[in-house]
Amino acid sequence: MSINLELPTKLAAAVEQSHAVGEHIFRPVSRKYDKAEHENPTELDDLGKLIKESKKKRAETAGKPDEGPSKNGVNMISVLNTLETSWGDVGLTLSIPYNGLGNAAIAAVADKEQLERFADVWASMAITEPSFGSDSAAVSTTAVLDGDDYVINGEKIFVTAGSRADHVVVWATLDRSVGRAAIKSFVVPMDTEGVTVARLEHKLGIKASDTAVLRFENARVPKENLLGSPEIDTKKGFGGVMQTFDNTRPVVAAMAVGLGRAALEELRSILEAAGHTIDYDKPAAAQHAAVSEFIRLESDWEASWLLTIRAAWMADNKQPNSTEASMSKAKAGRSVNDLTNKAVELAATAGFSETSLLEKWARDAKILDIFEGTQQIQQLIIARRLLGKSSAELK
């Protein structure tokens, strides 16, 4: 089965609309919310309502297959839409109502009944804790079954949209003595008694997006809110909850690709305004040093883009994509940091000042190499997959 890199006609309108959002809604207020951290971007409220409606329409047509053997479904749509809105602003993309990382987790793991029940929620995702960062297996937040409810206790940090979303998908362990096999994810309404927002973080970038610390103190949720099987299968491990990352990592890669394209376009304009034409028919080494560097950055960006759409396409076509999802995240996260920092350097005063968005994009880019699994974790996952090693064999 091969991938056709032409944009499917049926997705063109959605991509156009997402680009219009990035251009006409996000870009005009991008600097405003970078300076007003923790202020709620109310300009996104109507957009959230539109997304809610479009999700309903997609759900109604979900059973209609594409023509031919190759399918473009919800994963490809998410990647393309995210790329375009992130071209406008990554922080605002992360703040779109009803489009949280927890929604991707629900889509990855929930059964049919849960998909219908949680169709209208806006869900953040709570994984990281004060005692660990990238080692998701070290979850210490507990979920204890008590009658028809699970009682959740623990603290989560770095929860994107944690104070704005109306639900949160929480990773918790059913039995700490069993290890990673007992880790499950739970959909928890934010108005549940015992759930509190402890604080909001001050950050380097993506300041339009709130990043919260959440506490769970005897928070009770119905047992039906556990995503996936409640059984502890020590042989399978916690593959169910980890499947979430196979969906979300290409989306984060798409954020990096969208931001990278924005920086490339701005840098191209600055170079051309300075009289440095980019000529693809001449060897890069025979052109101005800044142009040669631009061509290198652009080729790196292209590789990120191709890896990202491959990971999304594989997910839509029911092919295991854990390796490819990590590859796309690793490449895009590293490339966008190199690209945006080099753009600031090459643009000189225009890159370092607030006359353009280049300096903001360089700050925003940093998180894209960290959240949803750091660069180092992605390389470790890729190495394990390629070498056929377990997590115990290759640490």
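These legends walk through close-up views of helix packing and salt bridges in a predicted model. Residues are numbered from 1 along each chain as its sequence is written, and side-chain values use heavy atoms, with hydrogens and water left out. Because the model is predicted, local features need pLDDT of at least 70 and side-chain atom pairs count only at pLDDT 80 or more, while totals for chains, interfaces and linings use all residues.

**View 1. Helix α1 against helix α11.** Here α1 (residues 9–35) packs on α11 (residues 358–365) at an angle of about 70°, with axes 11 Å apart. That makes α1 roughly perpendicular to α11 (65 to 115 degrees; under 35 is roughly parallel, over 145 roughly antiparallel and the rest oblique). Helices are DSSP runs of H or I with at least four residues, numbered from the N terminus. Axes are lines fitted to C-alpha atoms over the stretch in contact, and angles between N-to-C directions run from 0 to 180 degrees. Look for R27, S30, R31 and D34 of α1 meeting E359, K360, W361 and R363 of α11 (contact: heavy atoms within 4.5 Å).

**View 2. Helix α9 against helix α11.** Helix α9 (residues 322–346) meets α11 at an angle of about 155°, and their axes are 9 Å apart. The two helices are therefore roughly antiparallel to each other. On the α9 side you will find V336, N337, T340, N341, A343 and V344, facing L358, E359, W361, A362 and A365 in α11.

View 3. The side chains of E298 and R268 come together at 3.3 Å, N to O (a salt bridge is a side-chain nitrogen of Lys or Arg within 4 Å of a carboxyl oxygen of Asp or Glu). E298 sits in helix α8 (residues 289–316) and R268 in helix α7 (residues 239–273), so this pair ties together parts that are 30 residues apart in sequence. R268 is partly exposed, with a relative accessible area of 24% (buried is under 20%, exposed over 50%, partly exposed in between, using a 1.4 Å probe and protein chains only).

View 4. E293, R296, D338, K342 and E345 are joined in a network of salt bridges. One of its pairs is K342 with E293, at 3.7 Å, N to O; K342 belongs to α9 and E293 to α8, 49 residues apart. Both K342 and E293 are buried. Another pair is R296 with D338, at 3.1 Å, N to O. R296 is partly exposed at 34% relative accessibility, and D338 is partly exposed at 29%.
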